[in-house]
Amino acid sequence: EFDTPKTAAVLRATRLYLALGFGAEARQMIDLLSVPDEEAAFLREMTWIVDLEPPPANPLAGQENCDSTSALWATLALAVGGDEPARPINANAVARSFSALPVHLRRQLSPTLTQFFLQRGDTATARLLRDATLRPSSEAGTRVDLMDAGYRLATGDADGAAKEAMTALASGGGDGPDAARMLVHA
């Protein structure tokens, strides 16, 4: 009786892992539940989105035009899945909801989401996402530098893109090949 996990505690821990950006760990937590739960099923799909992987069954499909946080997560699910939206995207709700995320989640999700809007030709929303990511003054990391370089390149600032790519390249690490490609494109 003491080894049976309590559903409320498991769901609370899962939400905490999601808030920290740990999708795989949140999935492991949900797997502790032996009884299916509607909220657990929804959170399980969110774990894939937080890890920037396509969710097996997208519970947010078609909600990209909502005027709520659902628009952000539905659009992010489209971005990681490579799918086209069924309805017009409510870019204002996406940008507003994105800006409300904690800094670490903005930095984790921004490159994928910004690239999605750049590919669609929506540079205004991409700029809002970029600005919300770069707003904090601390070190952003090479993925965010490369996102900024991609934005600058898409908006015609090849010199700025080259500078950001050089910064990312000079920092070393696993993003070196992407930084070199960005530098060549710039």
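Contact here means heavy atoms within 4.5 Å. The exercises below concern a predicted model.

**Exercise 1. Surroundings of Asp-67**

Task: Find where Asp-67 lies, state whether Asp-67 is buried or exposed, and list what Asp-67 touches beyond four places in sequence.

Solution. 
- Step 1. Classify its accessibility. Exposed means over 50% relative accessible area. The value for Asp-67 is 58%, so Asp-67 is exposed.
- Step 2. Set aside residues up to four places away in sequence; Asp-67 then touches Asn-90, Ala-93 and Arg-96.

**Exercise 2. Arg-27 and its partners**

Task: Identify the ring that Arg-27 lies over and the residue that Arg-27 meets in a salt bridge, and state which parts of the chain this bridge ties together.

Solution. 
- Step 1. Arg-27 lies over the face of Trp-48, 3.7 Å from the ring centre.
- Step 2. The side chain of Arg-27 also meets that of Asp-51 in a salt bridge, with an N to O distance of 3.7 Å. The cut-off for a salt bridge is 4 Å, so this distance qualifies.
- Step 3. Arg-27 is in helix 2 (residues 23–30), while Asp-51 is in the loop between helix 3 (38–50) and helix 4 (69–81); the bridge therefore ties together parts 24 residues apart in sequence.
- Step 4. Compare the accessibility classes: Arg-27 is buried, at 11% relative accessible area, whereas Asp-51 is partly exposed, at 23%.
- Step 5. The loop that holds Asp-51 also contains Leu-52. Phi of Leu-52 is near 60 degrees, a positive value in a residue other than glycine. At 22% relative accessibility, Leu-52 is partly exposed.

**Exercise 3. Further salt bridges**

Task: State how many salt bridges the structure holds, and work through the bridge of Asp-31 with Arg-44 and the bridge of Asp-157 with Arg-152.

Solution. 
- Step 1. Start from the general rule: side chains of opposite charge can pair when their charged atoms come close.
- Step 2. The count for the structure is 12 salt bridges.
- Step 3. In the bridge between Asp-31 and Arg-44, the closest N and O atoms are 2.7 Å apart. Asp-31 is in the loop between helix 2 and helix 3 and Arg-44 is in helix 3, so the pair ties together parts 13 residues apart in sequence.
- Step 4. Asp-31 is partly exposed, at 47% relative accessible area, and Arg-44 is partly exposed, at 26%.
- Step 5. For Asp-157 and Arg-152, the closest N and O atoms are 3.1 Å apart. Asp-157 is partly exposed at 29%, and Arg-152 is partly exposed at 23%.
- Step 6. Asp-157 and Arg-152 are part of a network of salt bridges that links them with Arg-127, Arg-130, Asp-131, Asp-148 and Glu-164.

**Exercise 4. Aromatic pairs and a nonpolar patch**

Task: State how many aromatic pairs a search of the whole structure finds, classify the pair of Tyr-17 and Phe-22 and the pair of Phe-116 and Phe-117, and name the residues that form a nonpolar patch with Phe-22.

Solution. 
- Step 1. The search of the whole structure finds two aromatic pairs.
- Step 2. Tyr-17 and Phe-22 are 6.5 Å apart, centre to centre, with 55 degrees between the planes, and this pair is tilted. Tyr-17 is partly exposed at 29% relative accessibility, and Phe-22 is partly exposed at 38%.
- Step 3. Phe-116 and Phe-117 are 5.6 Å apart, centre to centre, with 85 degrees between the planes, which makes an edge-to-face pair. Phe-116 is buried at 7% relative accessibility, and Phe-117 is buried at 1%.
- Step 4. Return to Phe-22: with Leu-16 and Leu-20, Phe-22 forms a nonpolar patch on the surface, about 270 Å² of accessible area together. Leu-16 is located in helix 1 (residues 7–20).

Definitions and conventions
Residues numbered from 1 in each chain as written. Predicted model: local features only at pLDDT ≥ 70, side-chain atom pairs only at ≥ 80, totals over all residues. Heavy atoms only, no water. Patch = residues over 30% accessible without salt bridge, like charges linked within 9 Å, V, L, I, M, F, W, Y side chains within 5 Å. Areas by Shrake-Rupley, 256 points an atom, 1.4 Å probe, with all protein chains shown as cover. Helix = DSSP H or I, 4+ residues; strand = E, 2+ residues; numbered from the N terminus. Phe/Tyr/Trp six-rings, centres within 6.5 Å; stacked < 30°, edge-to-face > 60°. Buried < 20%, exposed > 50% of the residue type's maximum accessible area, 1.4 Å probe, protein only. Lys NZ or Arg CZ within 6 Å of the ring centre and 35° of its normal.
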